[in-house]
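Dear colleague,

Please find the structure below, with my notes after it.

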Amino acid sequence: MSMPVNATQFDGGPKREPSDIVIGLDFGTSFTKTVLQDPNLRKAFAVPFDGLSHPDNRYLLPSRLMLGQNGNWELAGWESKGIRGLKVPLMKNPEKNISLQVSGKLRTNAKELGAAFLALVLRRTRIWFLTKWKEAYGHSEIRWQLNLGIPALSYDEEKIKEAFLVAARAAWWLSIQDGPVTFSLAREAAGRALHYDFFPGIDRDFINVVPEVVAEVAGYARSSFRRPGLHLIVDVGASTMDIATFRLDETSGELRYSFLWAEVNDNACHRLHRERTRKVQSELAVWLKALDRAHDHNVLGSHADYQPPGILLGDVDEEFVSRAALPIRSSKKLGNEVLMQSMSSTSIPHRSPAIRKLMAITKKKRDPNSEEWRTGVPLFVCGGGGELRLFREDVMRKVADGLKGYQWQGFRQMRLPMPDELTVDGLSEEDYHRLAVAYGLSFFFQDIGHIVPPSKIEDITVGPIKDVEELFVEKEQV
Ligand SMILES: Nc1ncnc2c1ncn2[C@@H]1O[C@H](COP(=O)(O)OP(=O)(O)OP(=O)(O)O)[C@@H](O)[C@H]1O
Ligand SMILES: [Mg+2]
């Protein structure tokens, strides 16, 4: 007999001891990643999404939904178009009406969509675990917990925190109901979850939200590959870039990790794409106008005048040019030098000041004496944008160049190491960074670390960090 879609426990006989299993759910703008952990045994499992995932990585689930003819929500795989952009509206405007053009006009909002999507992810995740790990856990009663990532820096960002918490609670409730996740059930769940005494189906304390970058650092800090000292982490996702400097210190076997400075901004893949697209479009529009003018004057131009402009985005953009298959020719052949000039002057991607500022603050005020300034500051570039040489190398070189006046050795770029404790099947070491947030989220909530507002923290001018597991945040940085 196949397992019911809303199963939460192994079937069969009486259960022995309970086992805590934490679901670390990184709800990304483009891709969702899920890691389960039994934190008491320090065993973690990455959840594959075969049949739906990115063709090169079975652990990347496209964050997309489909509404079937029957009014049931379903996960939309890589091949399907689906409804995208579920996360950004949940961050920015969770209550706003969203019209769906499916079988007539339907109105919904980001909380309902988020709840439906997360519920389907939870169902699939639990079924995968209950099927795959029956031998090891089949005799246990599973005590589920859920940590959902939020695209914010601190727990103080009430609006984002609240929207994601409500969606997470609604999602859990939805995921344990009988039958399919219908449009109307998702609406009911989102409404119910607003009430202060709403019971999602597991203890309310077992559903939490955690800033993504905090989770990412926590995962590294608890892996056996960690090194003491100062680090910089840059996570370039689809909609947000998270940057943070942090320290790890271990004294008499006790681990401490402290954030020195952090920022979440929107200089990420989608913005880069939007700005480049705009630039290319505006340059092509100039060319089209010129072509029209030539026609107005009844001048039959030369062959070259009818060719679209070559687009030279500069050396650093080779990768982009080849991916986007843009026409690129050498300037000599192009004929229209003016166009060429404006095309090549695109400066969109080099938005390094945020990172530079963060490094400068860290050096001047937070951790001036760290050994790493002399030996090279370990740098992890993570997230899908980290695949781009542009972010991985060019932007970081620009940061280092901009800080030449400081006495330091620049960065030591390192790959975020895949923890030994994580069981994966078919994920290369190089791709682990895509799962790093989900892995960090799969620890007990209370072990991930807490955050204090920056107003309560004094600048550090000498010596190492005194506070433990803290994130220093300024409101205007967000
Ligand atoms: N090989 C690659 N080359 C260039 N860009 C890539 C590559 N792989 C992924 N990307 C980009 O990375 C993005 C997805 O990265 P990631 O999974 O880290 O984002 P996310 O977690 O979904 O987003 P966010 O954290 O902002 O919510 C996509 O938007 C895609 O444009
Ligand atoms: Mg992400």
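In helix 13, the buried residues are Leu390, Phe391, Val395, Met396, Val399 and Ala400. Buried here means that 20 or more other C-beta atoms lie within 10 Å of a residue's own; 12 or fewer make it exposed, anything in between makes it partly exposed, and C-beta atoms are placed from the backbone. Helices (H or I, at least four residues) and strands (E, at least two) are DSSP runs, numbered from the N terminus. The end C-alpha atoms of helix 13 are 19 Å apart, which agrees with the 20 Å that its 14 residues should span at 1.5 Å a residue. That expected span is 1.5 Å times one less than the number of residues.

This is a predicted model, in which local features need pLDDT of at least 70, side-chain atom pairs count only at pLDDT 80 or more, and totals for chains, interfaces and linings use all residues. Residues are numbered from 1 along each chain as its sequence is written, while chains are lettered from A and ligands numbered from 1 in the order in which they are written.

The protein chain contains 15 helices and 16 strands. Of its 478 residues, 41% count as buried. Two residues are in contact if their C-beta atoms, placed from the backbone, lie within 7 Å. Among contacts between residues at least 6 apart in sequence, 71% join residues at least 24 apart.

Helix 11 (residues 353-366) has 14 residues and reaches 18 Å from its first C-alpha to its last, close to the expected 20 Å. Its buried residues are Ile355, Leu358, Met359, Thr362, Lys363 and Arg366. They lie on the same side of helix 11 because they cover an arc of only 130° around the axis, the arc being that of the directions from the helix axis to the C-beta atoms. The buried residues of helix 11 pack against strand 11 (229-236), strand 12 (241-251), strand 13 (254-265), helix 12 (372-375) and helix 13 (389-402).

Strand 12 and strand 13 run antiparallel and are joined by 11 bridges; two strands pair if DSSP finds at least two bridges between them. Arg247 has Ser258 of strand 13 as its bridge partner. The hairpin of these strands has 2 residues between them, and Ser252 there takes a positive phi near 35°.

Most residues other than glycine have a negative phi. Arg42 is not a glycine, yet its phi is positive, about 55°. Arg42 sits in the loop between strand 2 (31-38) and strand 3 (43-46), and counts as partly exposed because it has 14 C-beta neighbours inside 10 Å.

The largest nonpolar core has 117 residues, of which Ala115, Ala116, Leu118 and Leu174 touch the most other members. Such a core is a set of buried Ala, Val, Leu, Ile, Met, Phe, Trp, Tyr and Cys residues joined through C-beta atoms within 7 Å. It draws at least three residues from each of domain 1 (19-211) and domain 2 (228-267 + 351-414 + 456-477), with bounds from an automatic or database domain assignment. Leaving aside neighbours within four places in sequence, the contacts of Ala115 include Ala167, Ala170, Leu174 and Ala186.

In helix 6 (residues 212-221), 10 of 10 residues are buried, among them Ala215. The C-alpha atoms of Ala215 and Leu441 are separated by 5.3 Å, although the two are 226 residues apart along the chain. Leu441 is found in helix 14 (residues 436-441) and is buried, with 32 other C-beta atoms within 10 Å. Not counting residues up to four places away in sequence, Leu441 touches Gly24, Leu25, Asp26, Asn147, Gly149, Val210 and Ala215.

Regards
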